[in-house]
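Me: Please show me how to read a structure like this one, step by step. I would like to begin with what accessibility tells us about a single residue.

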Amino acid sequence: MSELVVEQYEAYAALARPSVLRLASIERRFKEGAGELSILKGADLAVYSGEIVALVAPSGAGKSTLLHVAGLLEKPDAGEVLIDEKPVGDAGDAERTAIRRTQIGFVYQFHHLLPEFSALENVMMPQLIRGLSKAEASKRAEELLSYMRLAERKHHRPSELSGGEQQRVAIARAVANAPRILLADEPTGNLDPTTAHYVFDALSALVRASGLAALIVTHNMDLAARMDRRITLEAGRVVEL
């Protein structure tokens, strides 16, 4: 089979494969004085199960806006957001909140752990909010912390953990409700290079094992090179690198 035929087959297979997260012709505009500022102009993106996609772009290009639209934190002015090929972009506030709680996990540059609670309690929290019993939430939280190599640190509060440990707890918390999608905004931005790679290794292993679709905003080109695909934003559109 020729290389051209192989490339054509792979391209067709990618199109035929159902996405976990898809953005279709997304437009997002903001008022600026008397006019409007267009940030996203027909942005298209698909992320698949078990895939990690790096979003790298200069400040002001619209990375956070794209992430907020994908995470149902902002509604697009045009276009559609689809999860497992189901349109959810026009869902009401209550439905969007429910989808975020059950199907989307968020990790930020700063861990945002609750300081008065232990690592275990922080990972239990989203599960309790969802309605799981304390016993069920504790069991899953312990399993996740063990997977992230934090079993011995589960009763420590955030202030008693290192930066890398805090981020690994934040990742465990983000996936506590077994979401379909993981969205991360500079998850290693506050870490030294060695710790950043260690945290990324833990995140990557979790994505592969659970079949998450992960979209990660990063300025760390070394980490971006280790992801499955790299994309950027140019003139409001998603471009493959």
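Reply: T188 has a relative accessibility of 9%, so T188 counts as buried (buried means under 20% relative accessible area, exposed over 50% and partly exposed in between, with a 1.4 Å probe and protein chains only). The model is predicted, so local features need pLDDT of at least 70 and side-chain atom pairs count only at pLDDT 80 or more, while totals for chains, interfaces and linings use all residues. Residues are numbered from 1 along each chain as its sequence is written, and side-chain values use heavy atoms, with hydrogens and water left out.

Me: Where is T188 found, and which residues does T188 touch?

Reply: T188 sits in the loop that runs between β7 (181-185) and α7 (193-210), where helices (H or I, at least four residues) and strands (E, at least two) are DSSP runs numbered from the N terminus. Leaving aside residues up to four places away in sequence, T188 touches A196, V199 and L223, contact being heavy atoms within 4.5 Å.

Me: How many aromatic pairs does the structure hold, and how is such a pair described?

Reply: One describes a pair of aromatic rings by the distance of the centres and the angle of the planes. The structure holds 1 aromatic pair. Its rings belong to F106 and Y108, with centres 6.2 Å apart and planes at 5°, so the pair is stacked (rings of Phe, Tyr and Trp, its six-membered ring, pair if their centres lie within 6.5 Å; planes under 30 degrees apart are stacked, over 60 edge-to-face and the rest tilted).

Me: What does Y108 count as, at 32% relative accessibility?

Reply: With that value of 32%, Y108 counts as partly exposed.
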